[in-house]
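Good morning, colleagues. Please look at the structure now.

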Amino acid sequence: MADLAAQIRHLVEQERARFDVPGCAVLVVKDGEVVLAEGFGRRDRDRDLPVTAQTLFPIGSSTKTFTAAVCASLVDEGHLEWDRPLREYLPGFRMHDPVATELLSVRDCLSHRSGLPRHDVLWYAAAEGSLDRDDLIAALSDLPPTKPFRQVWQYNNLLYVTAGHLAGKLSGGSFEDAVRRRLLEPLGMRRTNFSVVETQADADHSQPYVRAIGETETKEVPYAPLDLAGPAGSINSSLEDMTPWLLTLLGHGVDGKPQLLSDAVLADLRKPTMPLPEGTPFDVGTPVGYGLALFIEDYRGHRLTHHGGNIDGFSSQVATIADSGVGVVVLTNLGGTSLRDALPYLIFDVLLGLDPKPHGERLFERYQALLTGAAQAKERHETISRSADLPPVRSLADYAGRYVHPAYGALTVRHDDGVLLGRYQGLAEGRLEHRHLEVFDLVTYVGGEDYRLPVQFTHDLEGEVDALAAKIEPMLDALRFPRQPDTAHLTDELLDRLAGTYRLGPVQAVVARRGDVELVASIAGSEPKQLKPVRGTTFSLDGATVEFLDDGRLITPSGDFVRST
């Protein structure tokens, strides 16, 4: 074992240097025994602190396997059925697609076959405390799919949130309660947690680093709070704590106890449930399919299952070849690095006695090519379609307002000294940089670098700005955010002044107060209907525009009514 550990140790240091990763932690298991569990490099470069086997890292989407395991244990105990529709467990549950509403199950959620694309901005950009998991699940009804239900594999975090939330309810508490009680506590994973605040308070935690597009140096970035999307990726852990988890995934008991996950549960997780689309970028092996929170591939004649994670400043990988009794965990403090992909293959070659392949060299070349391509795309995006010959079609101040999508919430635009500034949910406020006509880029900050959200303002038949369209989900056309009326000026004094009787010859229009901020109108004895604010003293009545003028007239499509004295 000592020689094996030394060989793997050399590989790790060689590849960490190649990929220029500040720090990583590597766990290797063979035949139920730990071959290696060590830290390499620095968890905090500024303070020159080393990575240890106890260093806490966010594991990102490697959390998903915990979520699937909790669901599988509930199935094993008869509390949950894989294929029973979610609407039977969650009253009122709805998807945008009525077929998915009727049939969507936990198995569908965990195998990414709902038809939904990622829609990740919804949870990632949420301001702290503005949404809870029930809100995310309710928003599903207003999120358009891009593919038919159960026909194409499309990665989606929101439905992992849904499945994990349901597992918590069926266990009598939250998702976090269910994972602690069913997995962490029995396995002795005492320092594993779900909160970046708790992680940062721990004396041995890693700092997050990124290499921004177009840059060669890494830089430290803030932790990304993942509480809202917990079942999709909020677990933080260390090699010490991940050791019993890796042994469990390989079907071993821990500390003399029987194996925690039954063979039936492990079989459910490892069974190919959904084929992966052509062109799925497997780094080395041949794709077999996706199970429940596990990618499944053939690697040199061996059945390999794995799931990685990427989140701001961190990348992880948990991989097993169960039939050969080998497993690897890689935790790194550099976001998006392919080191997490290269190391398991290199280590499996050593563990299985296979002729070594140059996986590190090949994956590094691929990684560099992708970084170069991303830099080119960014530069092109920042210069495309900007034309001084196509200025905005109206005053910038006219675009200021609050725009709201039923699922994505509010995007607010304000005008400040000749500049448009925009804020979407919890993301930083940024400039709206003009492209052409009524198209702008909202420039904000995501994951350590600038993020450009293209938006286009639209107007109604009267020429008034009525909405903006935002390219917020890359796989869909821009989504419409209707402009919300500004009602701050609708004081009691103004509403009282607008209320009254107006006449057009013998025809009478009666405007009255209803509630604190609402006006209703009855024309020619019709049933009173709400006057919906549009702007100033302009309102909408059954889709028609009516306007109160200072001279006492009420302008309607039927003519000009004059206020009775």
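A cavity is defined on a 1 Å grid over the protein atoms alone, as a set of points where a 1.4 Å probe fits but cannot get out. Grid points are joined across faces, edges and corners, and a volume is the space filled by probe spheres set on the points. This is a predicted model, in which local features need pLDDT of at least 70, side-chain atom pairs count only at pLDDT 80 or more, and totals for chains, interfaces and linings use all residues. Residues are numbered from 1 along each chain as its sequence is written, and side-chain values use heavy atoms, without hydrogens and water.

How many cavities of 30 Å³ or more does the search of the whole structure find? It finds four.

I turn to strand E1. Of the eight residues in E1 (residues 23–30), seven are buried, meaning under 20% relative accessible area with a 1.4 Å probe, protein chains only. Strand E2 (residues 33–44) runs antiparallel to E1, joined by eight bridges; two strands pair if DSSP finds at least two bridges between them. Lys30 has Glu33 in E2 as its bridge partner. In this hairpin, with two residues between the strands, Asp31 takes a positive phi near 55 degrees. Strand E12 (residues 326–332) is also antiparallel to E1, through seven bridges, and Cys24 has Thr332 as its bridge partner there.

How values were computed: On a 1 Å grid over the protein atoms alone, a cavity is a set of points where a 1.4 Å probe fits but cannot get out, and a pocket is an open set with protein on both sides within 12 Å along at least five of seven lines; lining residues have an atom within 4 Å of a point. Buried means under 20% relative accessible area, exposed over 50%, partly exposed in between (1.4 Å probe, protein chains only). Helices (H or I, at least four residues) and strands (E, at least two) are DSSP runs, numbered from the N terminus.
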